[in-house]
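Student: I'm about to look at this one for the first time. Could you walk me through it, one question at a time?

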Amino acid sequence: MGFFDRYILPTAIDLAMRSPTVRAERERYVPQARGEVLEIGAGSGLNMPFYDAERVNTVTALEPHPGLRKKAATAARTMPFAVQFLDLEAEKIPLDDNTMDTVLSTWTLCSIAGVTTALAEIRRVLKPGGTFIFVEHGLAPEAGVARWQNRLDTPWGWCSGGCHLNRDPGALIRAAGFDIDMLHTGYADGPKILTYMYRGAAHTT
């Protein structure tokens with residue numbers, strides 16, 4: 001891991017993910033988590049204050065970046081439930097089958113290298129009927145915006161920790177065998193290539 005990825009990237013991600021628009025998305029979707037929760041890509045812990053302590057038993061937070069994980073651990077100290085951190089990637093979730101009531105992913109599927117493998121792992125660890133809550137950005141429906149997303153995808157990934165602009169989270173989640181119960185799409189505030197949002201919930205069978 002180079003100097004930029006180790007020291008500059010975690011601070012940049014933390015600052016970018018504190019915008020009022022992002023906060024509003026967290027306020028709406030994070031409180032839906034319940035029971036035993038697995039958070040994929042916990043980042044700097046910005047979801048922590050939005051969990052409903054009356055509905056959550058424990059949170060297992062998966063975050064491979066040491067700088068972000070350190071920030072998240074600080075945020076977790078004030079939580080009224082147990083938080084366990086795992087320093088592995090989402091393609092290698094070290095949990096037994098059918099153990100989680102909820103998996104939460106916020107702005108994470110865009111940056112997982114093996115996203116198909118990660119979604120299979122998420123499905124594996126969820127209990128039958130468990131819920132996968134997601135808030136992601138991705139491929140826009142407008143042809144002109146999508147063209148720019150495709151053009152800029154590689155250089156954007158170089159400076160953003162591997163984030164992809166042109167993934168379709170809804171299609172990826174369905175292809176992984178989930179049934180999507182709710183899906184809200186549309187642009188949030190900001191540049192269109194970055195802000196076409198996919199928010200919703202899916203379940204296992």
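This is a predicted model: local features need pLDDT of at least 70, side-chain atom pairs count only at pLDDT 80 or more; totals for chains, interfaces and linings use all residues.

Student: How many salt bridges does a search of the whole structure find?

Tutor: The search takes in the whole structure and uses that 4 Å limit between nitrogen and oxygen. One of the links is a network that joins Arg34, Asp101 and Lys127. The total number of salt bridges found is eight.

Student: Let's start with helix α2, then. Which residue does Glu27 meet in a salt bridge?

Tutor: Stay inside the helix for this one: both partners lie in α2, residues 20-29, and they are four residues apart, about one turn of the helix. Glu27 has 42% relative accessibility, so it counts as partly exposed. The side chains meet at 3.4 Å, N to O, and the partner is Arg23.

Student: Glu25 forms a salt bridge with Arg199; how many residues apart are they?

Tutor: This pair has its closest N and O atoms 2.8 Å apart. Glu25 is buried, and Arg199 is buried as well. Glu25 sits in helix α2 while Arg199 sits in strand β7 (residues 196-203), so to speak linking distant parts of the chain, and the separation is 174 residues.

Student: Which residue forms a salt bridge with Asp97?

Tutor: Asp97 is in the loop between β3 and β4, and its partner is 27 residues away in helix α4. Asp97 counts as partly exposed because its relative accessibility is 47%. With 2.6 Å between the closest N and O atoms, the partner is Arg124.

Student: Which residue in β2 stands opposite Gly35?

Tutor: Strand β1 covers residues 35-40 and strand β2 covers residues 56-62. The two pair in the parallel sense over six bridges. Opposite Gly35 stands Val56.

Student: Glu136 is buried yet has no salt bridge; which side chain of opposite charge is nearest?

Tutor: Glu136 lies in strand β5. Its side chain makes a polar contact with the side chain of Ser105 at 2.5 Å, and the backbone nitrogen of Leu109 lies 3.0 Å from one of its polar side-chain atoms. The nearest opposite charge is 8.2 Å away, and that side chain is Arg167.

Student: Which side chain makes a polar contact with the side chain of Asp153?

Tutor: Asp153 is in helix α5 (residues 143-159). It is buried without a salt bridge, and the nearest side chain of opposite charge, Arg167, is 6.9 Å away. Beyond four places in sequence, Asp153 touches Cys163, His164, Leu165 and Asn166. The polar contact, at 3.0 Å, is with His164.

Student: Last one: is Asp181 buried or exposed?

Tutor: Asp181 is in strand β6, and its side chain makes a polar contact with that of His203 at 2.7 Å. Leaving aside neighbours within four places in sequence, Asp181 is in contact with Ala201, Ala202 and His203. Its relative accessible area is 52%, and the cut-off is over 50%, so Asp181 is exposed.

Technical notes: Residues are numbered from 1 along each chain as its sequence is written. Side-chain values use heavy atoms; hydrogens and water are left out. Two strands pair if DSSP finds at least two bridges between them. Buried means under 20% relative accessible area, exposed over 50%, partly exposed in between (1.4 Å probe, protein chains only). Lys and Arg count as positive and Asp and Glu as negative; His and the chain ends are not counted. A polar contact is a pair of N or O atoms within 3.5 Å; within protein, one must be able to donate a hydrogen and the other to accept it, and residues adjacent in sequence count only if both atoms are side-chain atoms. Contact means heavy atoms within 4.5 Å.
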